[in-house]
Amino acid sequence: MTRITGVSLRRVLDSRGNPTVEADVLTESGGFGRGAAPSGASTGEYEAIELPANESIAAAREHAVPRLEGVYAGDQRAVDNALRAADGTDDFSAIGANSAVAISMAAAKAAADVLGAPLYQHLGGAFRGENFPIPLGNVVGGGEHAKEATHIQEFLAAPVGAPSVSEAVFANAAVHAAVADVLDERGVPAAKGDEGAWAPPISDADAFDVVDEAVDRVEEEVGFEIRFGLDMAAAELYDDDEGAYVYGDETKSTGEQIDYVASLVDEYDLAYVEDPLDENDYEAFAELTDRVGDRTLICGDDLFVTNVERLREGIDTGAANSILIKPNQIGTLSDAFDAVELASRNGYETVISHRSGETEDTTIAHLAVATDAGFIKTGTVGGERTAKLNELVRIADDAV
Ligand SMILES: C=C(OP(=O)(O)O)C(=O)O
Ligand SMILES: [Mg+2]
């Protein structure tokens, strides 16, 4: 049976070397699941609250663990309702979304363990496992993820024509390597940012040129279509006092930002643009989506924060045509599923996503397959990123 008999919590390292929360869930029949919370750097204003790991663990031990004992791990809503009840706030500020999401994911894995089913099947049902998300691979980045690099946070390879998820994963790694070659040929030194993308000290315009060239080279090599996209993380660029987007010495008004993004979509045939505008500006999002939403995905990350109420507002105003899903932005798997369902029912594409601070946890790979998501954004290289990519390869190979 999947009745929970124990929950233990500990501090472990994330990929930035910061403490994060890991949870173990045990069931009465010996089922075991482990989940670890990721952590953002360019966090949205409306995200659930991450507490310092120690504080979150102490609060969850006191308030959540006693309520979870006896709950069926296989009843994900019951687990997540218990977490919400233990917390008692709207944003998990009492026990921390970090403990909440770690426990929520660990319970799902414990239930899958008892059932002897892969996590994606426990979460998504018997007919999942045929369709795979296209991985969006961060190959050049800056913003809050790397100092002295591009203003735009992420340049993402999008192997839209790949015949399999495995070929898509390897294509993104090849684009990452080709970017290194192009930078080297141009004499540009580059360290890596938090997500393993190259973080060269070049302008955004030069980065477009480098990524375009790298994508062309790999496209020729692999023989299928590779496009690219962006996470502009524009809430980080937007200055409330100036009422403008700040790119170093240059600023753009909201109208200029919309024109700029629309021109990039057309010039580079972008497949995907995440957070092109400030997280409070549904109207500007809607204007851009109206202009280019027929030929690219306009995705809300900081805009929606995996929150059904914010997504509902986006649907009502025509603000976007896709949503980024980060379970730790909202705190539980049930809430993340609700956001996916609302999105799908309204024709929105879903993109399951990692955070810039990650662990070896592979839940999001299973979540993407379980929800039949069109895309997954989980980096390109680096152990905490390849953990998810390799898990997708294993799921496709029936090896989980
Ligand atoms: C993954 C992202 O970064 P972070 O985790 O820092 O929010 C993002 O903005 O999409
Ligand atoms: Mg983002």
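Ser356 is buried because 26 other C-beta atoms lie within 10 Å. Buried here means 20 or more other C-beta atoms within 10 Å of the residue's own, with C-beta atoms placed from the backbone; 12 or fewer is exposed, and in between is partly exposed. This is a predicted model: local features need pLDDT of at least 70, side-chain atom pairs count only at pLDDT 80 or more, and totals for chains, interfaces and linings use all residues. Residues are numbered from 1 along each chain as its sequence is written, while chains are lettered from A and ligands numbered from 1 in the order in which they are written.

**The loop between S15 and H14**

Ser356 sits in the loop between S15 and H14. Arg355 is in the loop joining strand S15 (349-353) to helix H14 (363-370). Thr359 is found there too, between S15 and H14. Strands (E, at least two residues) and helices (H or I, at least four) are DSSP runs, numbered from the N terminus.

Two residues are in contact if their C-beta atoms, placed from the backbone, lie within 7 Å.

| Residue | C-beta atoms within 10 Å | Contacts |
|---|---|---|
| Arg355 | 26 | Pro38, Ser39, Gly40, Lys326, Asn328 |
| Ser356 | 26 | Gly40, Ala41, His145, Asp194, Glu195 |
| Thr359 | 23 | Val12, Asp14, Ser15, Thr20, Ala36, Pro38, Glu384 |

Thr359 and Ala37 are 322 residues apart in sequence, yet their C-alpha atoms are 7.5 Å apart.

**Ligand 1**

Which residues surround ligand 1? The shell holds Gly40, Ala41, Ser42, Thr43, Asp231, Ala233, Asp301, Ser353, His354, Arg355 and Ser356. A residue counts as near a molecule if its C-beta atom, placed from the backbone, lies within 6 Å of it. By class, the shell has two nonpolar, six polar and three charged residues. Ala, Val, Leu, Ile, Met, Phe, Trp, Tyr, Cys and Pro count as nonpolar, Asp, Glu, Lys and Arg as charged, and the others, Gly among them, as polar.

The UniProt record (unreviewed entry) places "binding site" at Gln153, Lys326, Arg355, Ser356 and Lys377. Such annotations may be inferred rather than shown by experiment; positions use the numbering here, and feature names are shortened.

**Two domains**

The chain is assigned domain 1 (4-116) and domain 2 (134-396). Domain bounds come from an automatic or database assignment. Each domain gives at least three residues to the shell around ligand 1. The domain centres, taken over C-alpha atoms, are separated by 27 Å. Their contact takes 31 residues from domain 1 and 32 residues from domain 2. On the domain 1 side, strand S3 (32-36), helix H3 (76-87) and helix H4 (97-115) each give two or more residues. H4 supplies the largest share of that side, seven residues.

Key: Lists of a residue's contacts leave out its neighbours within four places in sequence.
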